[in-house]
Amino acid sequence: MKKLISLILALALCCMLVPAVAEEDITGEWYASFAGIAMTMTINADGTLSMTAPGQEGSAEGTWTLEGDQLTLTVDGSPATATVSADGILLSSGGMDMLFTREPVEVPTVGEVKPDAAAEEFYGEWAVAYMEAEGILMDPGAVGMGLPKIVLGEGTIEFIATDETDFMTPIFNALGLVSAYENGALNLTSTTEGITATGKVEMLTDGMIKVSLDNNGNAMVFYYKPAATAEEPAA
């Protein structure tokens, strides 16, 4: 009987140890998203690692060490500390938290340009969905940056502030932009003396609009969805 009990305890202990051993193996691919930017971190068994982001060429290379649940990542000579838990790898750096898990992150996408959109399709109120930076779609709200709503009418474009973090509205309104429908899009030009800002509003096949602005060589791209859709309560 004692031998049987000992065998059962030994088997139970082995079963308990299997998950623990598996959790200690942090090598492989981990995924995270910050402000709509998807990132992949690959941890190699030889103590090296790499980080990549869709739409970006190359990768950031580094090394890693693990002591208990504390993971130290060193990329381009800059160390950062992460915590390993059952939830994943929580990286905190510069006041920014990113949780890496084993599940791939869905990258935001937008539709193609609709070349034959009618002028009336643009008219109405629109709420920001994404801003584009170096080819990556970002959620400006996730980084504490408010962007204005826009109201499009026949020949007009108006920017409306959303909250106290929205510092772009007075800048955009100071451009004095007017719109003109041509070839399925709205062309924007400035009426303010001394300002050469231009822009374009294009309809996309997914119902959003793409707003491109260029103010003295400073190019900006934003994506907007109908404000009514953005304000619908969650089911």
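Hi everyone, thanks for coming. Some housekeeping before we look. The model is predicted, so local features need pLDDT of at least 70 and side-chain atom pairs count only at pLDDT 80 or more, while totals for chains, interfaces and linings use all residues. Residues are numbered from 1 along each chain as its sequence is written, and side-chain values use heavy atoms, with hydrogens and water left out.

Let's begin with the sheet. Eight strands form an open sheet in the order S1-S2-S3-S4-S5-S6-S7-S8, with antiparallel pairing. At the edges sit S1 (28-34) and S8 (96-100), each of which pairs on one side only. From one strand to the next, the twist averages 30°. For the terms: strands are DSSP runs of E with at least two residues, numbered from the N terminus, and two strands pair if DSSP finds at least two bridges between them.

Now along the strands. S4, residues 60-67, pairs with S5 over six antiparallel bridges, and there Thr65 stands opposite Thr72 of S5. S5 (residues 70-75) also pairs with S6 (residues 78-85), again antiparallel and over six bridges. Val75 faces Ser78 of S6 across that pair. The hairpin of S5 and S6 has two residues between the strands, and Asp76 there takes a positive phi near 55°.

S6 then pairs with S7 (residues 88-93) over five antiparallel bridges, with Thr81 opposite Ser92 in S7. Here too a hairpin makes the link, joining S6 to S7 through two residues.

So what lines the second largest pocket? Among the lining residues are Met39, Met51, Leu73, Val75, Asp76, Ser78 and Leu91. A pocket, on a 1 Å grid over the protein atoms alone, is an open set of points where a 1.4 Å probe fits, with protein on both sides within 12 Å along at least five of seven lines; lining residues have an atom within 4 Å of a point. This one holds about 190 Å³ of space, the volume being what probe spheres set on the points fill, with points joined across faces, edges and corners.

Which elements give two or more residues to that lining? They are S3 (48-52), S5 and S6, and S6 gives the most, with three residues. By class, the lining has eight nonpolar, two polar and one charged residues.

Thanks, and happy to chat!

Technical notes
Helix = DSSP H or I, 4+ residues; strand = E, 2+ residues; numbered from the N terminus. Axes fitted to C-alpha atoms, helices over the stretch in contact; angles between N-to-C directions. Nonpolar A, V, L, I, M, F, W, Y, C, P; charged D, E, K, R; others polar.
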